[in-house]
Structure formats: structure tokens, C-alpha cells
Amino acid sequence: MSKNVSIDWSKLGFGYYKTDLRYVSMWKDGQWDDGKLVEDNMISISEASTALHYGQQCFEGLKAYRTPSGDIQLFRPDENAKRLNRSCRRVLMPEMPIEKFINACVDVVKANEHFVPPYGTGASLYLRPYVIGVGHNLGVRPAPEFMFGIFCVPVGPYFKGGMAPVNFTIADMDRAAPYGTGAAKVGGNYAGSLLPHREAVNKGFADCIYLDPMTHTKIEEVGAANFFGITADGKFVTPKSPSILPSITKYSLMHLAENYLGLSVEERDCRVDALDEFVEAGACGTAAVITPIGGIEVNGKLHVFHSETEVGPVTKKLYETLVGIQFGEIEGPDGWVYKVK
Ligand SMILES: Cc1ncc(COP(=O)(O)O)c(C=O)c1O
């Protein structure tokens, strides 16, 4: 490591921390500039930017991991680049070439190498890429200019004392409209989730589960994570819907379930009145990898899956396999890890 930083890695949570350098590239007159690393963590943009008024923006989240040998690797950054571009297309923003996206991630990690937590702490370096519409503009139309940025923050493991199940309740609000922007990682989806999240927490739950916006009978998302259930006969089942954000963690788990654990995998409806079909359930995403679901409150009754206190065996195995690949302890499928150093 080039510099020393005085961070207590074991105390890291998921909060903002100013690291040394961030990447910025501007789009103007039909093209992105070369981009550069900058020290300033403040942005100066037009007060009339579309990102501020019309939510013309999107973002991503991925992590860099320190391996046992001290190397650093990213997990499937090409998938984040592709999803960013799908989000950009949905809200009429220019796409970022995949190679440029990955190179920018690498530049940011290398420039902040001393903030990549040591192997064995369970902590990692979180990268936050984003595209925002900027420039002077008043009407509802695409911005004249765009900004692409990536900053990074060291973050702790989601579960400090090991994985533990948590309970969820069903939201009575929707996070996405049918045929809306649910499959894009755009800020508006998250603004709309703040209130139902707070209401769930006030009722004593970790977060809320969103049902399909058309019929309110099928599970879509678990807070800002995808849902999966494990059936008694060994199937990994996860909802299929155009208003779910396609989770990179979820598609990775589906591959591992099938190819490493020998489960069969189904993407299909998960009805909230048929939760009995699952003996284990979980939420998955970059932040926690897997959050085991103890129970779900439906119409005032808590439906418990495996246990409210113990993690189910399949959930545990899936978690250990994926985390093992991310930290370089287990050989992953070709192309999943991208060596930074
Ligand atoms: C709404 C939502 N669903 C699911 C996920 C999980 O996606 P991933 O596994 O790519 O982090 C996220 C996080 O990005 C999210 O914000």
C-alpha cells in the first residue's frame, strides 16, 4: 500500500467518507471527454440541471475486494457497465463505453488503493458510478450536457457478527409503476422508497417488500434488493417481472445455485399467498450479498421460513460461495473477477 490511513476497518459501516481521488468525465456536443481523476468532492452544476428537477440521472454500485495475496479485484464490473447503459437509455442519457467504465473503475481503485480494506476484515471498497444531466435547461427535455463520475468509499461487511435473519413487512405503496422505470437504477425509484422504508422500520421491520404494481399479489423487491426462495425439493426460485431491478448478485447466485450447488433455478411468479412453498428465503444485492429473511408479515401475521434466528443451509452455502469468489478464495466462473492489481 502506498500510503497509510488511520481507519478502524472493523468499525466501518456504510457511510460516506471522503477518499483521495474520484473520476469525472463530461459529455458535450455528442461525445464524452477523456475524463480525469480530481481531488474536489464537490460538484458545481447549473441550478437548472435536469438531474435536479426531472430526475434525469442514474447510478451503480459495485465493490473492490482485497484477496489473500493482497491483490485487488472487482466483481463483474462489465455487468454494472451494461446496467448503467440500460438505465441511461431509459432516461435518454448518453451511454458510457464499457471499456471506459471499467478503466475508470480501475483508475479510481488504484488512486485510492490505501482505502481498500485488508483481506480478512470482511470490509471492501464500494464504488459509486453515476451519470447526471447537467447544464442550463428549463423545459422537460434531455439535458444539453452530462456528467459521469465514480467515487469510492471503504465500507464494512453488512453483518458484523455474522449473517443473521431479519423480518420484513409488505409495503402498501409501490416502488415502480407497471412499464415504468423499476428495471432502471434511477434515483426516482429510491426517493419513492424512503417513506415505505421508514414506515416498515417504525413498525419494527428491517424493510418492506414491494409487490407487483399491477396486481399486488406477487413479490417483486425486498427493499433495495431482489428476492429468492428455496423450495423443499431444492429449487432456487426468484421473481420475474419487468419492474424489478435485475440484480447482478441475483444472477450470480442463480448461476452458483445451478452449477456449484446442483439446484434447479426458476425465474417466475412468487405469490405472496403461497409463501409456504419456500423453506428458506433471502434478499440479495451488492451491499449485503444475502440478507436471510426470517419472516414476512402478511396481513398482520408473520410467515416464518427456515427460522427467525438461524440461517438456512442453502442460503449459507450460497453466501459462502459467492463471498469466497469475491474475495478470491474460491475460483469463480470465467470473467467474474477483474484484477485491478
Ligand atoms: C432496487 C434494487 N434491487 C436490487 C438490487 C441488487 O442489485 P445488485 O445485486 O446488482 O447490487 C439493488 C442494488 O443495486 C437495488 O437498488
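Here are a few friendly notes on the ligand site and the pocket around it in this predicted model.

1. A word on conventions: residues are numbered from 1 along each chain as its sequence is written, and side-chain values use heavy atoms, without hydrogens or water. As the model is predicted, local features need pLDDT of at least 70 and side-chain atom pairs 80 or more, while totals for chains, interfaces and linings use all residues.

2. The ligand has 15 residues around it, the closest being K185, Y190, S247, T249 and T286 (a residue is near if one of its heavy atoms lies within 4 Å). This shell splits into six nonpolar, five polar and four charged residues (nonpolar: Ala, Val, Leu, Ile, Met, Phe, Trp, Tyr, Cys and Pro; charged: Asp, Glu, Lys and Arg; polar: the others, Gly among them).

3. For I248, a backbone N or O atom lies 2.9 Å from a ligand oxygen. Taken alone, the ligand exposes 390 Å², and the protein buries 94% of that (Shrake-Rupley method, 1.4 Å probe).

4. The ligand sits in the largest pocket, meaning that more than half of its atoms lie within 2 Å of the pocket's grid points. A pocket here is an open set of points on a 1 Å grid over the protein atoms alone, where a 1.4 Å probe fits, with protein on both sides within 12 Å along at least five of seven lines; lining residues have an atom within 4 Å of a point.

Terms used. Polar contact = N/O pair within 3.5 Å; in protein donor to acceptor, adjacent residues only side chain to side chain.
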